[in-house]
Amino acid sequence: MALLAAAATPGLATFTSEVRVVESVIVPGQTFHIDLTVNNTGTSDLVFGENTLANGVTASPNTGIDLGIFWFNNLDGMTVAPGQSHTFTASGRTDRPGTWTISCSLQCRDSVTGVQTISGSVAATVISASQAEALHPVRPGSIEIRGNILRIGNTSGYQRALVVVRGPRGESVQLSIRGPSGSKLGGLRIESAVADGSGWLQIGSDGVATVAISGALGQGELKTGVYWVVATGAVTDRKPILILNGNE
Amino acid sequence: MATSSRLLLAALVAAAASRAAAADGYSASGDASVIPLSARVQGGEPLYGGYDVFFAFENPALLARQPRKWEVAAGDLVLMGGDENLASVAAAWASRETPSGAFGAAVMASGFSMASFDEIDLAGRRTNVTVEPSIQIFGLAVMYQYSFFSMGALIEPASQSFGNLPASVTQGTDTQAKDPRFALSAAVALGRLELGGGLDACRVTDMRFGGAVRFGGAGFPAGSVGFDATLPGALKDMTVSTPDSVFPNMGSSDPSGSGTSRDFRGRAGVALDVHALVRVRAGIALDGDQSGLRGGFTVRWKAWSLDYAIGLDPTGIIGMDARHHVVVSWRAGGERKLPEGPRFLLETKERTIAVAGFEPQGVSANDAAIVSDMVRNRLVKEGTFSVVEKANMDRILAEQAFQQSGCTTSECAVKLGKVLNVRYLVVGSFGKLLDRYVVSLRVVDVETARVAYSDEAQATDVPGVQEAVTKLAATLTEAVKAK
């Protein structure tokens with residue numbers, strides 16, 4: 001997913017830019033990244049990040065859903081010299097499958113033409129977890145943790161890992177999380193219309209069940225470390241997950 | 001008894017108070033620290049009623065049970081179907097008891113490793129990032145023992161690593177930090193009964209307690225039966241949400257789960273000496289869905305011992321259903337007197353004493369036999385010991401074809417004491433030097449083969465001999481009783 005936005009500028013300052021979504025597949029809960037690459041084809045410096053210069057990322061259509069789109073960061077004093085290029089990155093997180101057009105706008109200044117605006121847009125398609133599972137199916141009778149390096153408590157907000165279970169349709173699986181040696185920390189309390197909150201999960205008609213793990217444990221958070229996610233019941237399996245807690 | 005009860009009560013009250021003050025939440029960093037490090041614990045033998053150096057890192061007060069001055073050990077624990085391994089080395093020192101008590105210290109280093117795994121992104125694709133988890137644990141335990149009471153403390157700092165994770169993955173997270181583990185504990189020996197308890201903390205404070213009863217003697221093999229239990233600090237469930245139906249919840253930073261506490265954990269087992277060199281054990285562990293059977297054996301040879309333990313969890317959680325643990329130990333240094341509690345609580349054998357026939361030196365054998373009878377009678381009158389009757393002694397020795405005359409060495413005394421099934425044996429001599437009679441005696445501890453006490457007295461006539469024997473018996477009683 002990429003779109004080229006070329007801009008011709010009067011005088012000596014010229015540039016090209018490219019906007020793209022880094023990840024080829026995005027699923028709900030995933031933090032994705034938008035790259036805006038600027039190539040200075042002119043003969044004077046392009047300066048970004050001054051107080052009077054704006055930058056931003058918007059999504060359309062505006063459905064009222066928080067896409068978690070962030071502005072470009074770390075622009076202060078960034079200078080792109082003639083003949084050089086630089087990639088600016090913004091990140092966002094989707095909560096729901098769908099397709100959005102993401103528009104980026106970034107201002108810079110050069111000594112010849114003053115303030116200019118670089119803009120571009122790109123389509124971001126978010127597929128559902130089950131669609132992603134279909135693309136990369138989980139082995140029958142097993143579980144897989146997607147996003148098994150889970151960062152929590154950092155400035156980019158909570159992430160989620162997905163536990164995908166493939167097993168007999170309509171059967172139930174109980175999930176729990178354990179420390180090293182298998183010591184049980186607690187059941188995975190599942191908030192779902194079909195689950196009773198005890199950690200039991202029902203496998204759907206497509207033979208797949210998916211839950212998201214936040215890394216929260218009651219009122220606290222799991223500490224940085226490796227844990228086991230264990231499934232029992234219709235599917236018996238375990239997989240490790242690394243929690244990186246930025247609050248420690 | 002009243003004193004020991006008060007001490008135990010105080011320990012339990014302190015445990016409850018500290019538990020109430022425990023921090024909320026849970027530190028997973030404690031997990032590795034609470035991996036059972038002792039093969040015997042892993043094998044189901046009661047935590048109390050036995051000892052190896054790793055016990056010091058379950059309950060540091062148990063350092064008081066170390067039978068010799070020095071002990072070093074190396075162990076390896078394989079668990080999670082081989083996906084995890086914990087290798088440990090430890091060394092412990094414990095002093096002999098002095099009037100001001102005994103002291104001990106132990107150090108331990110452990111390396112925990114786990115099978116590496118690849119990162120999988122949310123779309124189900126493997127990335128080029130590999131996680132290689134490992135944990136390093138160090139432990140220091142100290143112990144103070146006074147008579148039958150001992151108490152201890154330990155600290156276990158730890159660090160962890162996950163291989164060479166790129167900065168884009170760690171994003172500045174401190175991946176090495178782990179909370180240290182602390183423990184305070186106490187133990188009392190009340191004859192055949194041992195009790196102990198304490199606090200085990202790593203953010204959340206668990207309260208642990210246990211007990212064991214030793215048995216054996218009278219033709220039955222020695223052994224112990226006991227238990228230990230853990231009342232875990234509060235831990236709340238982890239809350240998750242289904243992705244497609246309730247994704248708006250994903251935006252909340254902290255799902256609200258009321259949660260429940262962790263399960264009670266308990267172990268119970270029995271250990272039995274099936275051979276002079278071999279002890280076997282079996283037990284059960286109650287720990288939620290990790291409940292199961294434990295078993296193992298220890299083989300001792302001179303200063304060495306080899307211990308194997310296996311844990312089986314029939315609940316069948318994959319990869320958790322078999323654990324293997326091997327420990328090799330080596331002991332050195334002088335023997336230590338183990339805490340045994342108030343004498344009136346000791347088993348009969350501990351309070352039993354026999355007096356061998358005294359060796360005549362310049363007097364008739366008959367005179368020496370009379371003096372040994374006098375010593376025997378005075379010990380009976382002292383009332384502290386159960387003294388083997390001479391008639392019974394003669395009968396037992398005749399049955400065993402044991403020749404006691406001339407039995408003055410410690411080696412012979414130990415053999416004689418074992419035949420008579422007593423803890424202490426008095427050997428001595430009665431002789432005449434110029435115009436003075438000399439009564440000399442030694443008390444040999446049959447279990448340790450050490451001379452527990454020795455004394456002599458002189459007299460010039462028969463009443464003087466009588467008085468000397470009375471005095472010797474009284475001081476002997478006090479001295480051995482205080483051992």
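**Figure 1. Surroundings of B:Gly428 in the predicted model.** Beyond the four places on either side of it in sequence, B:Gly428 has contacts with B:Phe358, B:Val439, B:Ser440, B:Leu441 and B:Arg442. The structure shown is a predicted model. B:Gly428 belongs to strand 22 of chain B. The residue is classed as buried because 23 other C-beta atoms lie within 10 Å, the threshold being 20 or more. B:Thr408 is 20 residues away from B:Gly428 along the chain, yet the two C-alpha atoms are 6.7 Å apart.

**Figure 2. Loops on either side of strand 22 of chain B.** B:Asn421 is found in the loop that links helix 7 (410–420) to strand 22 (424–433) of chain B. Its phi is positive, near 60 degrees, although B:Asn421 is not a glycine. B:Asn421 has 16 C-beta neighbours inside 10 Å and therefore counts as partly exposed. B:Leu434 occupies the loop between strand 22 and strand 23 (436–445) of chain B. B:Leu434, also a residue other than glycine, has a positive phi near 55 degrees. B:Leu434 is exposed, since 5 other C-beta atoms lie within 10 Å.

**Figure 3. Helix 6 of chain B and the residue B:Ala401.** Helix 6 of chain B spans residues 390–399 and is hardly covered, with one buried residue among its 10. Just after this helix, B:Ala401 adopts a positive phi of about 55 degrees.

Figure 4. Strand 3 covers residues 102–114 of chain B, and its covered face consists of B:Ala102, B:Gly104, B:Ala106, B:Met108, B:Ser110, B:Phe112 and B:Met114. The uncovered face carries B:Phe103, B:Ala105, B:Val107, B:Ala109, B:Gly111 and B:Ser113. Strand 2 (residues 84–94) of chain B runs antiparallel to strand 3 and is joined to it by 11 bridges. Within this pairing, B:Ala92 has B:Ala106 of strand 3 as its bridge partner. Strand 6 (residues 134–146) of chain B is likewise antiparallel to strand 3, with 12 bridges between the two. Here B:Ala102 stands opposite B:Gln145 of strand 6. Both B:Ala102 and B:Ala106 are listed on the covered face of strand 3.

**Figure 5. B:Ile310 in strand 17 of chain B.** Strand 17 of chain B, residues 304–312, contains B:Ile310. Apart from residues within four places in sequence, its contacts are B:Gly295, B:Gly296, B:Ala322, B:Arg323 and B:His324. The C-alpha atom of B:Ile310 is 6.4 Å from that of B:His325, a residue 15 positions away along the chain.

Figure 6. Chain A has one helix and 19 strands. Of its 248 residues, 47% are buried. Among contacts in chain A with a separation of 6 or more, 67% involve residues 24 or more positions apart. The largest nonpolar core comprises 66 residues, and those with the most contacts inside it are A:Leu150, A:Val163, A:Val165, A:Val229 and A:Leu242. Strand 18 (residues 225–233) of chain A contributes the most to this core, with six residues. Leaving out residues up to four places away in sequence, A:Val229 touches A:Ile143, A:Ile145, A:Val163, A:Leu175, A:Ile177, A:Arg238, A:Lys239 and A:Ile241. In soluble globular proteins, nonpolar side chains tend to be buried together.

**Figure 7. Prediction confidence in chain B.** The mean pLDDT of chain B is 77, and 77% of its residues score at least 70. The scores of the model are ipTM 0.70 and pTM 0.67.

Definitions and conventions:
Residues numbered from 1 in each chain as written. Chains lettered and ligands numbered in written order. Predicted model: local features only at pLDDT ≥ 70, side-chain atom pairs only at ≥ 80, totals over all residues. Buried ≥ 20, exposed ≤ 12 C-beta atoms within 10 Å, placed from the backbone. Helix = DSSP H or I, 4+ residues; strand = E, 2+ residues; numbered from the N terminus. Contact = placed C-beta atoms within 7 Å. Core = buried A, V, L, I, M, F, W, Y, C linked by C-beta atoms within 7 Å. Pairing = 2+ DSSP bridges. pLDDT = per-residue confidence, 0-100.
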